[in-house]
Amino acid sequence: MSAGTSEREGSAAPATPASTYAPGAGRSGKRFRSTTTAYGFLTPNLVLLGLFLFLPLGWAFLISFQESSGFGASGWVGLDNYRRLITDPTFWQSTADTGVFTLITVPLSLALGLGLAVLMNSVLPGRRLFRTLIYLPMVISGVATALIGVLLFDEATGIINKLLGAGGADTVPGQSNGTAAFASIILVTLWIRVGFNMVIYLAGLQGISPELYEAARLEGANSWQQFRHITVPLVGPSTFFLLIMDVIYSFQVFDTIFVMTGGGPGRSTSVLVTYAYENGFVTRDQSYAAAIGIVIFLLTLIFTAVQWYGNRSRDTAG
Amino acid sequence: MAHSPGDRGTAGTHGTDHDDGTGSRGTPTRDTFRGTLRQPGADNDGGTRSRTRGTLRQPGADNDGGTRPFVQRVRHVSPAERAAHAARLGIAVVVGLVMMFPLYWMVTLAFSPNVDVFSRELNLWPSSWTLDNFRRVFSSFPTATWFGNSVVITSIVTFLTVTVNLLAGYAFAKLSFRGKGVIFLLVLSTMMIPVQVLMVAQFRLVTELGIYGTFWAVILPSAASAFGIFLARQFIIAIPDELMDAAKMDGAGNVRIFLQIILPLCKPLIAVLVLLTVMYQWNDFAWPLIALKDSELFTLPIGLIFLRGQYGADYGAIMALALISILPIVLMFLMFQKYFVQGLARSGIR
């Protein structure tokens, strides 16, 4: 059993219908009726998804091969928008920022989530209260959490600089310095995100038999060795599941960056999703925005394929 | 008639949950629901036994009473252990304070006079509590309208999404039909697509449909969500076929079975889907930002950004509105934490 249950459920599903066709007289009529009924139940869902997801997805491809001319019909320009991407430094900057942001936030979310889960799984007075406090930020809107972040990190009046100043430390240029702005976004993201990681890890820890720790202790293993050689390997499935969810989350982070920095100062915190929005709805270069959207889509697709393949390898290996 | 091989095949071969394949057969025993709405990523079989049978199970909670044997409990408490215990509590307190501080700060600023907000002094407490920020927010902006808009949009989206996904979940769980696997995969794959991929085309679509700038421009694309189908399928698949077979013998069709047998058993599932959809839609930002143009029709998150655009650095007012905007979800979360946590863990959103 692995953390990728949801994905593997999906990938294993195609095998299901074949096994349901039982041979026998008089069953084909029933099956036909069953199929009709089933599509009756599915139709509302399929109509909504078809009209508002699959149609726009195809349309986005078409738009990315056209020129932006405000609204209405536009001429075909082939791959021009994509050629422009290759020579656009802001696009590469945004791609790099997306990657760096993901590479920093995902391991930190995992480590903090696991650490807190272990802590919250131990004997601790007021455990319920602590858990609630850690969960709370994840249910609050991205706009509100980002605005709180703005206030915390405001250069002139932000509480963090006031605290640093009171402690005699140097203040942080939260708005004017790219690195500081990037760091503030990462901190806010971790604040929002650590609760979800803890939820999954807590569930993973429930599955580890206490006898394993007992045995390890009899062998003379200390706490760190128990953590390193029992806890970490045995929550592996949770880690794998979280890795996927965290990468997708970080890759698609929009609200936090849009509200906190708008991609600035300069372009220092621009990521792919904010750059796509900026092109589509600020500078109104919608074809170019569609092309960036397609790049995001393809990157998501590649990541999904890699994790799916990795998941299959894990299955056969373990 | 009773229990056709087709049904058995469907239920028995879903996914890779071998234990469910056997566990969900036969009479509804204590194991019937075991593990089916299980936390993705948890392998609970070796450890504890489900105590909340038939509901979504709370991952990692409800053991405060020591129902699950904690390893160290059986041993004598040494000084070193007492020190470790104190250290754990110390870390937990620090973490709790760090997690809460931003929210504390939001509340403080919302009730502080603006002098405090712009003061260069370090004040962790308002010099005087005031409702001025809230008065300003309500008098200068259509805050009540925004709140109402959020309620209306969230309600309609939640009703549509939950209904549509329950129907689809039933079809995927209990009916056999051509193309089931492919469609299921296709439907689930839509959850990976971020709104920024589709936004330009969706914007043109709602413009073409003549609904741009209306509530429907927000509602319809938002309701086109596969979120919940996976959860619904997992839950419904664990409902024993015997219950349906009995109704079938009485001549009930699928619609009646769905309404009279499946739905009444799905209350925990519906609770989780409603809570998560409400949270997701109430907080949604990127698409409503694109789909709405008239400030009278804004939802709270868009209103919040609008207010910041108008008031710039009036942090007191911004935090007052932010507080108003998060209050319903925070209260819901505190009341129904168990369902929230289970649902978040199992659906993988957020």
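How many of the 9 residues of helix α9 (residues 215–223) of chain B are buried? I looked there before anything else.

**Ground rules.** I am reading a predicted model, where local features need pLDDT of at least 70, side-chain atom pairs count only at pLDDT 80 or more, and totals for chains, interfaces and linings use all residues. Residues are numbered from 1 along each chain as its sequence is written, while chains are lettered from A and ligands numbered from 1 in the order in which they are written.

**Chain B, helix α9.** I found 7 of its 9 residues buried, so I noted α9(B) as mostly covered. Buried means 20 or more other C-beta atoms within 10 Å of the residue's own; exposed means 12 or fewer, partly exposed is in between, and C-beta atoms are placed from the backbone. The buried ones are Ala217(B), Val218(B), Ile219(B), Leu220(B), Pro221(B), Ser222(B) and Ala223(B).

**Chain B as a whole.** I counted 17 helices and 0 strands. Helices are DSSP runs (H or I, at least four residues), strands likewise (E, at least two), numbered from the N terminus. Of the 350 residues in chain B, 47% are buried. I also looked at contacts, meaning C-beta atoms, placed from the backbone, within 7 Å. Among those in chain B between residues at least 6 apart in sequence, 72% join residues at least 24 apart.

**Phe258(B).** This residue lies in helix α12 (residues 254–265) of chain B. Phe258(B) counts as buried because it has 22 C-beta neighbours inside 10 Å. Leaving out residues up to four places away in sequence, Phe258(B) touches Tyr170(B) and Leu263(B). I also checked Leu185(B): it is 73 residues from Phe258(B) in sequence and 23 Å away in space, C-alpha to C-alpha.

**Helix α7 of chain A, two partners.** I took α9(A) to start. Helix α7 (residues 142–153) and helix α9 (residues 178–206) of chain A pack at about 135 degrees, with axes 10 Å apart. Axes are lines fitted to C-alpha atoms, for helices over the stretch in contact, and angles run from 0 to 180 degrees between N-to-C directions. α7(A) and α9(A) are therefore oblique to each other. Under 35 degrees counts as roughly parallel, over 145 as roughly antiparallel, 65 to 115 as roughly perpendicular, and the rest as oblique. From α7(A), the contact uses Thr145(A), Ala146(A), Gly149(A) and Phe153(A); from α9(A), Ser184(A), Val188(A) and Ile192(A).

Then I turned to chain B. α7(A) packs with helix α16 (residues 315–335) of chain B at about 150 degrees, axes 10 Å apart. That makes the pair α7(A) and α16(B) roughly antiparallel. The contact residues include Leu147(A) and Leu151(A) of α7(A), and Ile318(B) and Met319(B) of α16(B).

**Arg284(A).** I noted a positive phi of about 60 degrees here, although Arg284(A) is not a glycine. Arg284(A) sits in the loop between α14 (272–281) and α15 (286–317) of chain A. Arg284(A) is exposed, with 12 other C-beta atoms within 10 Å.

**Confidence in chain A.** The mean pLDDT (the predictor's confidence in each residue, from 0 to 100) is 82 for chain A, and 85% of its residues reach 70 or more. Confidence is lowest in helix α1 (residues 5–12), at a mean of 36, and highest in helix α5 (residues 89–120), at 94. Over residues 1–28 of chain A, pLDDT stays under 50. Where pLDDT is low, the predicted coordinates should not be read in detail.

Key
Contact = placed C-beta atoms within 7 Å.
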